[in-house]
Amino acid sequence: MLTVTTIGYPRIGKNRELKKAAERYFQGSVTADELLQEGKNLRWQHWQKQHEKGIQSVPSNDFSYYDTLLDTAFLFGMIPERFRSLPQDPIIRTFAMARGYEKNGHKAKALAMKKWFTTNYHYMVPEVDDSSTIGLMGHKPLTEFKEALAYGFHTRPVLPGPYTLLRLTRFSGKTSAQTIAAPLIEAYRKLIRALGAAGATWVQLDEPCLVTDVSEEDQAFFISLYESLADPDAGVSLQLQTYFGDASPLLKTLYALPVQGIGLDFVEGISTITSLEQEGFPEDKILTAGIINGRNIWRNNYQKSLALLRRIAAIVSSDRLVLAPSCSLLHLPYSLGPETDLSPETLGALAFAEEKLEELTEIATLFGEDKAEFHPLFLQNQQRLEQAARIPGRVLPDVRRKTEPLKGQGFRRFPDEATRRASQSQRLKLPLFPCTTIGSFPQTADIRSRRRAFKNGDISMEEYTSFIQQRIRDTILLQESMGLDVLVHGEFERNDMVEFFGEQLEGFLFTKNGWVQSYGTRCVKPPVLLGDVNRPRPMTVDTWQFAQNCTEKPVKGMLTGPVTILNWSFVREDISQQDCLFQLALAIRDEVLDLEARGCAIIQIDEAALREKLPLKKNQWESYLTAAVNAFRLCHDGVRPDTQIHTHMCYSEFGDILDAIDTLDADVITIEASRSALSLVDQLRQHPYPRDIGPGVYDIHSPQVPDKNEILHTLQVLLDVIDPKRLWVNPDCGLKTRREEEVNAALRAMVTAAHELRQDF
Ligand code: GLN
Ligand code: ZN
């Protein structure tokens with residue numbers, strides 16, 4: 001039988017035990033020892049579970065109390081100066097690097113956090129300044145290897161590989177990836193030798209950066225790293241693991257490296273199989289073949305996987321072939337066990353981490369059978385897939401009738417922006433530097449507990465609605481008193497900007513316990529797009545109307561865009577993403593038109609997540625952006641010229657997709673800017689943006705309340721690169737996460753600054 005492995009497992013705990021323990025530790029209600037004990041329990045559970053499900057080769061060091069990249073940075077001494085005076089204890093230091101530190105006169109800002117490739121996981125960005133001495137400073141992988149061994153599990157320690165680590169590191173001083181490469185590789189060698197001495201036979205080095213664009217120079221650097229890493233005396237084989245796409249362009253390079261195993265992704269790397277057939281595979285290496293999707297929740301199709309596997313096995317003999325998921329299972333919920341409300345058909349359609357383990361061993365079993373097609377496991381799989389296809393709502397003929405004619409079409413709103421702008425300004429009569437916010441207002445404990453009570457049926461719909469309305473009225477009055485020009489209703493009725501819409505649209509499934517780690521102790525429960533999307537009734541119109549009735553000033557209609565809804569959900573694989581996008585766009589389009597018909601003059605369609613799913617290879621950007629832009633344009637191509645369409649994006653690196661943002665054809669964009677120290681200004685200098693724009697003028701993430709002069713200064717800086725007639729004044733996004741006092745003081749300062757600025761024009 002083929003060997004079966006995983007290349008990483010979820011670590012937050014089946015019931016988010018790690019999150020809960022860590023948060024209690026942060027609050028001081030459990031000790032560090034208690035937290036460490038919880039970690040130990042979880043590691044044991046995860047090894048045991050994988051072993052129980054038939055996984056022969058199980059990884060270790062895929063566990064982390066916060067983030068594995070952070071652990072690795074710490075392990076190798078990538079510790080910026082500001083953390084050096086803190087207590088040496090790894091748990092205190094790594095949490096300080098993750099979350100910032102302020103205690104006993106020490107103060108240190110956290111490391112930056114970034115999206116992990118195209119997933120919704122965020123890693124801590126390792127930072128190296130000139131004070132760092134790179135070397136082996138810790139022993140976490142070794143300790144966890146020994147811990148597993150003591151339980152009887154002979155594991156394969158996993159580490160981020162040196163190339164990916166260096167590519168993702170931020171160098172804030174004079175040092176660079178090149179200058180620290182030698183001591184870093186020396187540290188890896190030392191660690192690998194120590195692991196070998198402790199009995200490890202394989203070490204896995206994760207190199208997802210290899211599926212991005214790798215220039216020739218980078219390639220040479222990558223090769224040099226691995227050549228100096230090779231250490232025949234260590235007695236340890238190295239498995240170079242790629243995932244999240246195609247490493248095909250580098251296959252020959254990988255084959256020539258002094259590593260003993262190569263891991264390839266045959267799921268997202270759609271041309272991996274043909275490249276393998278063209279290039280063959282070296283006789284002296286092991287192939288870890290990622291053949292089941294490690295980051296989506298659908299049941300595998302055994303027939304297809306077996307066919308793929310047979311093609312692979314024609315190139316690589318089965319003694320050198322290891323079956324695996326396409327990537328770490330970190331991005332999946334734990335198990336379908338708690339999903340007791342789902343129908344048997346739906347359960348049969350899904351596979352979370354535990355079920356993926358079963359799939360792997362079943363595929364390995366079937367592969368060894370002469371007549372796999374008649375095997376009960378095979379037949380059961382086929383039956384599940386057939387039943388899954390018939391789940392009610394998968395195909396809604398009315399929806400298909402509407403989306404079918406849209407294929408291959410582009411959408412365009414008339415008339416052009418300049419003409420629309422004139423009619424909008426006549427209708428809205430906004431002052432120069434109009435002041436607004438991004439949508440949400442603080443979600444107090446009170447609001448959360450009422451929402452929970454309503455969901456649990458403890459309070460009636462009437463009670464809940466009147467509570468929400470009271471909050472809306474107060475918030476409208478508050479915004480008026482502050483002097484804001486374009487108001488929002490505050491989003492108090494929304495728990496999450498995607499879930500809120502998903503719950504009202506047909507086609508979504510919500511799990512009870514489908515938590516996935518987003519960063520550190522934070523988890524999300526992404527909705528599952530299961531069927532065709534349909535909007536049975538308006539979703540936001542009454543709430544908007546209520547808010548608008550409270551004021552003479554315009555209240556923005558507030559919607560989440562189709563691309564963001566898609567990107568923050570588990571997506572279907574039975575129809576194309578393009579088709580899903582059309583369905584979502586049509587639902588949002590109907591909502592836009594209903595808002596407009598009630599008299600809503602400004603509608604904001606948030607595309608917070610548009611950038612984050614940009615493909616890892618640049619040559620695929622265009623097709624992604626075309627589809628995304630097209631979907632957005634479909635949402636608003638039917639509105640009147642004097643209806644103003646806003647969009648919002650939460651990222652600051654936007655210079656490189658500015659053309660695409662412009663082609664969204666929104667009238668106004670608000671964009672996060674202050675959290676990233678206004679790097680937007682440089683980008684706007686290089687690529688002037690031709691429309692109305694509101695860069696966030698203060699960082700809402702900082703507990704420090706900005707004063708008027710700071711904001712005035714920011715506005716002056718922005719005016720260097722933005723036409724005064726086109727500058728909007730708003731904070732960064734995320735007010736819902738702050739306290740009311742902070743928000744009120746900051747917004748008052750912001751409006752005062754805008755008013756002062758108007759005097760000069
Ligand atoms: N309208 C949303 C809000 O203000 C936007 C959230 C976001 O930018 N992620 O909360
Ligand atoms: Zn945002």
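Ile438 is in contact with His648, Thr670, Asn730, Cys733 and Leu735, leaving aside neighbours within four places in sequence; contact means C-beta atoms, placed from the backbone, within 7 Å. The model is predicted: local features need pLDDT of at least 70, side-chain atom pairs count only at pLDDT 80 or more, and totals for chains, interfaces and linings use all residues. Residues are numbered from 1 along each chain as its sequence is written, while chains are lettered from A and ligands numbered from 1 in the order in which they are written.

- Ile438 sits in the loop between helix 16 (417–428) and helix 17 (445–455); helices (H or I, at least four residues) and strands (E, at least two) are DSSP runs numbered from the N terminus.
- Ile438 is buried, with 27 other C-beta atoms within 10 Å; buried means 20 or more such atoms, exposed 12 or fewer, and partly exposed in between, with C-beta atoms placed from the backbone.
- Glu491, in the loop between helix 18 and helix 19 (499–504), is buried with 23 C-beta neighbours inside 10 Å.
- Beyond four places in sequence, Glu491 touches Gly439, Ser440, Met558 and Lys736.

**UniProt binding-site records**
- An unreviewed UniProt entry lists "binding site" at Ile438, Gly439, Ser440, Glu491 and Asp606; UniProt positions follow the numbering used here, feature names are shortened, and annotations may be inferred rather than shown by experiment.
- Those positions are spread over 169 residues of sequence, yet their largest C-alpha distance is 12.9 Å.
- The unreviewed entry also lists "binding site" at His648, Cys650, Glu672 and Cys733.
- These span 86 residues in sequence, but no two of their C-alpha atoms are more than 8.7 Å apart, so they gather at one spot.

**Cys650 and Glu672**
- Cys650 lies in the loop between strand 21 (644–649) and helix 24 (658–663), and is buried with 21 C-beta neighbours inside 10 Å.
- Apart from neighbours within four places in sequence, Cys650 contacts Ala608, Glu672 and Cys733.
- Glu672 is in the loop between strand 22 (668–671) and helix 25 (679–686), and is buried with 24 C-beta neighbours inside 10 Å.

**Around ligand 1**
- The residues around ligand 1 include Ile438, Glu491, Asp606, His648, Cys650 and Cys733; a residue is near a molecule if its C-beta atom, placed from the backbone, lies within 6 Å of it.
- This shell divides into six nonpolar, three polar and three charged residues; Ala, Val, Leu, Ile, Met, Phe, Trp, Tyr, Cys and Pro count as nonpolar, Asp, Glu, Lys and Arg as charged, and the others, Gly among them, as polar.

Terms used: Two residues are in contact if their C-beta atoms, placed from the backbone, lie within 7 Å.
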